[in-house]
Amino acid sequence: FPSHDSFLDMSSTSTSGGTLNIKGSWRNYRDDTFFDEAGSRVNWTGTSSQTIVVDGGTKEVFSSMQVNKASGRLISNEDIWIDPLNERGNISVLTLTNGIFDLKTYFKELIIGNRFSGAVTRTGGGVCLEDVQNRSKFTRAIDPAQGSYLFPICRYTTGVLTTNQYLPVTISNLSGGIGSVTLSSYNTPPTNLPLRIVTGK
């Protein structure tokens, strides 16, 4: 955002809004209300590390987001909410194509409000949470009628993610009413795989 008074409107009352491709970092000088994202898509495609910062220090809200980075990490300095009110159904998604979405560095939470089981897809990369105090979290809204829910977590690395560093968790065989599942992880010595802690509410 170029100034403290700018307002970015990428919303649409129809099926989808605009697409914003970002090769640099993101800094919102106000708060999440100064980016009207409903129906839009933000693609992170930089070849070096990119950061997400909101001066209000609360959260940033996206409707749909893709991480497609050949190198470097997407580092979030804020909590990230994607479709927090479940308004857009199966068109609001987090797509991981390549590169690491880093929630570990600043101990932040990723929240997927869309209850659609396919609201998170992955062909490459992953979400890094590692923190021994479980301060970095990944939360998905769930609906047992939807089936399985993917949490594409990975090990921390400054290079290209290898196969044995991708450690996904899939939650399935759900019952009961609509709710959410929160996952966090922490790293262990090289002789052991990372342990995961899963909590639901």
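User: What are the mean pLDDT of the protein chain and the share of its residues that reach 70 or more?

Analyst: The mean pLDDT, the predictor's confidence in each residue from 0 to 100, is 87 for the protein chain, and 88% of the residues reach 70 or more. This is a predicted model, in which local features need pLDDT of at least 70 and side-chain atom pairs count only at pLDDT 80 or more, while totals for chains, interfaces and linings use all residues. Residues are numbered from 1 along each chain as its sequence is written, and side-chain values use heavy atoms, with hydrogens and water left out.

User: Where in the protein chain is confidence lowest, and where is it highest?

Analyst: The lowest mean, 55, belongs to strand β19 (residues 195-200), and the highest, 97, to strand β15 (residues 149-151). Strands here are DSSP runs of E with at least two residues, numbered from the N terminus. Where pLDDT is low, the predicted coordinates should not be read in detail.

User: What makes a set of residues a nonpolar core, and which residues have the most contacts inside the largest one?

Analyst: The term requires buried Ala, Val, Leu, Ile, Met, Phe, Trp, Tyr and Cys residues joined through side-chain atoms within 4.5 Å. Buried means under 20% relative accessible area, exposed over 50%, and partly exposed in between, with a 1.4 Å probe and protein chains only. The largest such core has 32 residues, and those with the most contacts inside it are W44, F62, M65, F101, L110 and F138. A second, separate core of five residues includes I100, C128, L161 and Y166.

User: Which residues is M65 in contact with, leaving aside its neighbours within four places in sequence?

Analyst: Contact means heavy atoms within 4.5 Å. On that basis, and with those neighbours left aside, M65 touches V42, W44, L74, I82, V93, L94, T95 and F101.

User: Why are C128 and C154 called buried?

Analyst: C128 has a relative accessible area of 0% and C154 one of 4%. Both values are under 20%, and therefore both residues count as buried.

User: What makes R73 and D102 a salt bridge?

Analyst: A salt bridge is a side-chain nitrogen of Lys or Arg within 4 Å of a carboxyl oxygen of Asp or Glu. The closest N and O atoms of R73 and D102 are 2.6 Å apart, so the pair qualifies. R73 lies in strand β8 (residues 64-76) and D102 in strand β10 (residues 94-102), so the bridge ties together parts that are 29 residues apart in sequence. R73, at 14% relative accessibility, is buried, and D102 is buried at 0%.

User: How many salt bridges does the structure hold?

Analyst: The structure holds five salt bridges. One of them joins D55 and R27, with the closest N and O atoms 2.9 Å apart. D55 is in the loop between β6 (50-54) and β7 (59-62) and R27 in strand β3 (residues 26-28), so this bridge ties together parts 28 residues apart in sequence.

User: Why are D55 and R27 called partly exposed?

Analyst: D55 has a relative accessibility of 34% and R27 one of 42%. Each value lies between 20% and 50%, so the term applies to both.

User: Are E130 and R155, which also meet in a salt bridge, buried or partly exposed?

Analyst: Their N to O distance is 2.9 Å. E130 is buried at 5% relative accessibility, whereas R155 is partly exposed at 23%.

User: Which polar contact does the side chain of E109 make?

Analyst: The side chain of E109, a residue of strand β11 (residues 109-112), makes a polar contact with the side chain of T139 at 2.6 Å. The term denotes a pair of N or O atoms within 3.5 Å; within protein, one must be able to donate a hydrogen and the other to accept it, and residues adjacent in sequence count only if both atoms are side-chain atoms.

Note on methods. Helices (H or I, at least four residues) and strands (E, at least two) are DSSP runs, numbered from the N terminus.
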